[in-house]
Amino acid sequence: MGGAMLLKETGPREVFCGLTSIVWLHRRMPDAFFLVVGSRTCAHLIQSAAGVMIFAEPRFGTAILEERDLAGLADAHEELDRVVKDLLARRPEIRTLFLVGSCPSEVIKIDLARVAERLNSALGGRVRVLNYSGSGIETTFTQGEDGALKALVPLMAQSQDDQLLLVGTLANAVEDRLINLFKRIGINNVSSFPPRESTNLPTVGNGTKVLLTQPYLTDTARALINRGAEIIKAPFPLGVEGSRLWMEAAAKAFKIEENLIHSILEPLIIRAQKALQPYKEQLSGKRLFLLPESQLELPLARFLQRECGMKLVEVGTPYLNRELMQPELELLPQDTPVMEGQHIEKQLDRVREKQPDLVVCGMGLANPLEAEGISTKWSIELVFSPIHGIDQAADLAELFARPLHRRNLLNDKTLTNV
Amino acid sequence: MELTLWTYEGPPHIGAMRIASSMEGVHYVLHAPQGDTYADLLFTMIERRGRRPPVTYTTFQARDLGGDTAELVKGHLREAVERFQPKALLVGESCTAELIQDQPGSLAASMGFNIPIVNLELPAYSKKENWGAAETFYQVVRELLSNLKSEEKTHDPQAWQEQGRRPKVNLLGPSLLGFRCRDDVLEIQKLLNEHGIDINVIAPLGSSPADLIRIPEADINVCLYPEIAESTCLWLERNFGIPFSKTIPIGVNATHEFLSELHQLLGIHSYNPKKQTNQSRLTWYSQSVDSNYLTGKRVFIFGDGTHALAAARIAKEELGFEVVGIGTYSREMARPIRAAAKKLGLEALITNDYLQVEAAISEAAPELVLGTQMERHSAKRLGIPCAVISTPMHVQDVPARYSPQMGWEGANVIFDSWVHPLMMGLEEHLIGMFRHDFEFVDGHQSHLGHLGGSQNQTYEQVEEGTITTNDSALTEADPIWTTEGKEELSKIPFFVRGKIRKKTEKYARQVGCRKIGSETLYDAKAHFKA
């Protein structure tokens with residue numbers, strides 16, 4: 001293991017729960033519907049995290065538990081059947097229905113697996129019903145995607161064909177670009193999971209080599225291994241270096257000649273580094289504090305430190321999967337404090353004490369920190385933006401340079417006006 | 001179990017957070033899992049608060065459930081009191097914690113803290129945000145005044161006269177995430193000051209526990225937002241004999257009435273509404289010839305109870321609109337809304353389902369929608385101008401400028417914000433009229449998007465976009481539009497087209513006409529004028 005200093009902390013946390021991933025999953029698979037079985041809080045959380053407004057009838061909703069549902073579980077099951085039937089009658093275009101467990105449904109032990117099974121036989125294959133938990137007592141933020149993907153794994157057909165499987169939601173344009181690059185390297189059979197259509201699932205089997213695009217897919221990775229797939233160990237495709245190592249690892253797994261990889265990636269790398277340069281100048285030497293939220297913190301810290309010259313004050317992460325994160329940890333400088341878990345108050349005390357130039361944090365914390373004079377970057381933006389791959393490295397850096405640039409602009413203005 | 005795609009109100013503990021965050025010197029320990037911390041962003045993003053809400057979430061996890069969650073709660077309570085040194089502690093639970101029954105309020109009471117502890121029991125599976133806010137405010141006031149009860153039994157709201165001081169009132173109800181509360185409070189303060197009335201306490205917004213203890217020093221209470229403060233005002237009346245005002249000063253007439261009510265309660269006899277200067281421009285703007293075109297505009301109103309009621313009154317009495325639909329998402333306000341609807345000859349729409357509201361708007365074919373941010377979206381889809389009059393809050397509802405709804409300036413703000421969308425609608429029509437002129441630059445952008453007048457709409461486009469949304473249940477008895485009839489209809493400005501179409505169809509059915517041509521349109525027009 002590399003030089004990172006691994007620390008742990010417990011206490012009050014300030015993190016989204018796994019339900020939040022529905023916000024991007026429903027966009028990725030437009031033929032799927034995500035039905036949270038939960039409370040008004042769940043409904044309010046998703047609509048607040050989704051940017052508060054809905055421009056059309058959304059492909060997610062909440063079956064809100066009411067007092068009489070709590071009184072008798074048998075009735076709750078019947079009620080859920082009724083809600084699902086109403087929903088499917090209203091939205092006949094739905095092909096896959098995810099029943100998503102929440103904190104209250106987990107605590108009162110509604111067996112969503114059984115409900116899904118019963119509905120599947122009742123619906124006779126017209127709609128596939130799956131279940132997973134996005135509850136905040138078990139999952140944080142991006143872990144919801146892990147749960148949803150894991151639920152899909154058993155539906156993937158078995159195939160021994162050699163293929164590269166990219167696992168984790170990517171922006172469509174980025175996905176197309178990466179697949180295209182893999183083809184140029186000579187890996188022709190590339191699939192993505194999750195697919196853009198929920199019914200168009202890729203196959204899996206002994207010939208499948210999995211390249212994770214996102215760092216939060218622990219359970220999905222395990223489920224794929226159980227189906228015969230092999231996980232390619234690599235850092236995550238953020239930044240020029242990370243994306244290069246990620247693609248090289250795949251190429252190596254497919255025994256592609258090193259010269260070929262090099263000749264294809266080299267011009268991209270030179271171009272990307274050139275594009276990165278102005279942001280590197282703005283970010284270099286600046287001190288960065290990452291609060292735990294999206295689970296992207298480690299790869300981001302690695303990119304911002306190694307390629308943009310930022311200094312790492314503290315790298316928070318909601319939880320640490322040492323195995324998947326090992327390549328990332330190895331690339332961090334000696335003694336970088338990596339804090340697993342959270343005590344929000346103590347962590348904010350450290351932020352105030354160390355006065356970093358930039359804090360990566362959740363939306364709830366951003367304005368209070370800004371009001372204290374500390375620049376921030378919302379971590380939720382990182383799960384919506386196309387940031388993966390060599391070509392996106394400069395865009396990714398720009399996301400972090402912008403708050404600093406803005407602060408400079410506003411400060412300069414104040415000075416001239418005074 | 002209720003299928004919800006979007007909800008107007010959050011759960012009741014969000015209401016409790018609104019009270020706690022509005023106040024100074026209180027802290028709220030909320031027994032809740034980590035996901036519930038999303039609520040902070042409502043305050044820091046939507047209201048742009050530069051401070052975190054004063055809330056400690058216990059963020060218990062599944063693995064804690066096997067052990068002693070009560071111990072975990074106590075740890076958080078101890079830490080929160082030590083760190084934040086609150087003057088009063090609120091303790092409660094969110095939906096999930098309610099199920100595991102740790103009784104955090106009782107735990108806190110047993111820990112020997114030397115501060116008032118307010119135990120909040122807010123049933124998450126049956127109640128909603130506004131109820132939670134009202135209950136929290138009531139419980140906080142009750143707890144803080146619990147020692148005073150026996151001393152102050154008699155209360156004379158006109159005692160100020162003998163005591164040789166100006167009368168003073170409390171403004172109760174303004175809170176964070178309430179619609180324009182920040183500016184309403186300033187406007188009402190200004191208004192009352194002009195009438196020689198002082199403010200004793202404003203709560204919960206900006207008040208401390210010490211302020212709340214001073215509540216009984218006021219002569220009367222002003223209940224500004226019944227959704228939040230009515231239960232507290234009733235309790236203060238019952239236990240301290242302090243009367244409270246019931247008129248909500250939104251609109252010119254209501255502001256007059258509000259002043260009369262206050263003067264009467266306080267025993268000031270100098271107030272004569274006829275003599276008092278109406279400082280709002282709304283009255284004259286509404287009388288000026290330019291406003292002729294506002295006559296009989298059909299408006300659909302939906303929002304919280306207080307703002308929907310006020311909007312209906314202003315629309316009818318002060319702007320000369322016709323109210324064609326009214327409703328609310330707050331069940332607590334269903335009764336007054338139903339009564340108001342009945343007076344208007346309408347049936348009130350009481351629902352939390354935005355799709356049902358959208359269907360009702362489509363059916364009523366109004367020319368202006370006054371609603372929440374969600375109705376603004378629905379209206380946009382239907383191509384109808386809209387102004388926002390009520391919560392749920394959106395970042396756009398917290399403008400940088402002074403923008404109250406109450407008092408004289410509030411009436412000005414309301415005139416502008418309701419009439420501008422209508423003017424824009426008229427502008428759309430003009431753009432449509434002039435688009436055949438050679439000087440016209442094509443691609444003129446419409447604020448109503450594809451439904452505005454800038455595009456050469458065929459009847460089919462119009463129908464797809466605005467008209468058929470609610471007509472899936474066409475029956476054989478329904479008349480059919482001929483091509484010629486459709487063409488005639490498409491010449492009518494889009495913002496009245498829906499109304500004309502409905503009226504014409506109604507006429508056609510009445511007279512048993514099966515095919516609507518251009519003559520039918522003119523027949524209908526004459527028929528309804530007659």
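Analyst: In chain B, 4 strands make an open sheet, in the order 7-6-8-9, with parallel pairing. A strand here is a DSSP run of E with at least two residues, a helix is a run of H or I with at least four, and both are numbered from the N terminus. Two strands pair if DSSP finds at least two bridges between them. Strands of a sheet pair through backbone hydrogen bonds, either parallel or antiparallel.

Before going on: this is a predicted model, so local features need pLDDT of at least 70 and side-chain atom pairs count only at 80 or more, while totals for chains, interfaces and linings use all residues. Residues are numbered from 1 along each chain as its sequence is written, with chains lettered from A and ligands numbered from 1 in the order in which they are written.

Strand 7 of chain B pairs with strand 6 (168-172) of chain B, in the parallel sense, over 4 bridges. Look for Lys168(B) there: Asp198(B) in strand 7 of chain B stands opposite.

What lies across strand 6, strand 8 and strand 9 of chain B? That's helix 11 (226-240) of chain B, running at about 160 degrees to strand 8 (220-223) of chain B. The angle is taken between N-to-C directions, on a scale from 0 to 180 degrees, using lines fitted to C-alpha atoms, for helices over the stretch in contact (contact means C-beta atoms, placed from the backbone, within 7 Å).

Notes. Contact = placed C-beta atoms within 7 Å.
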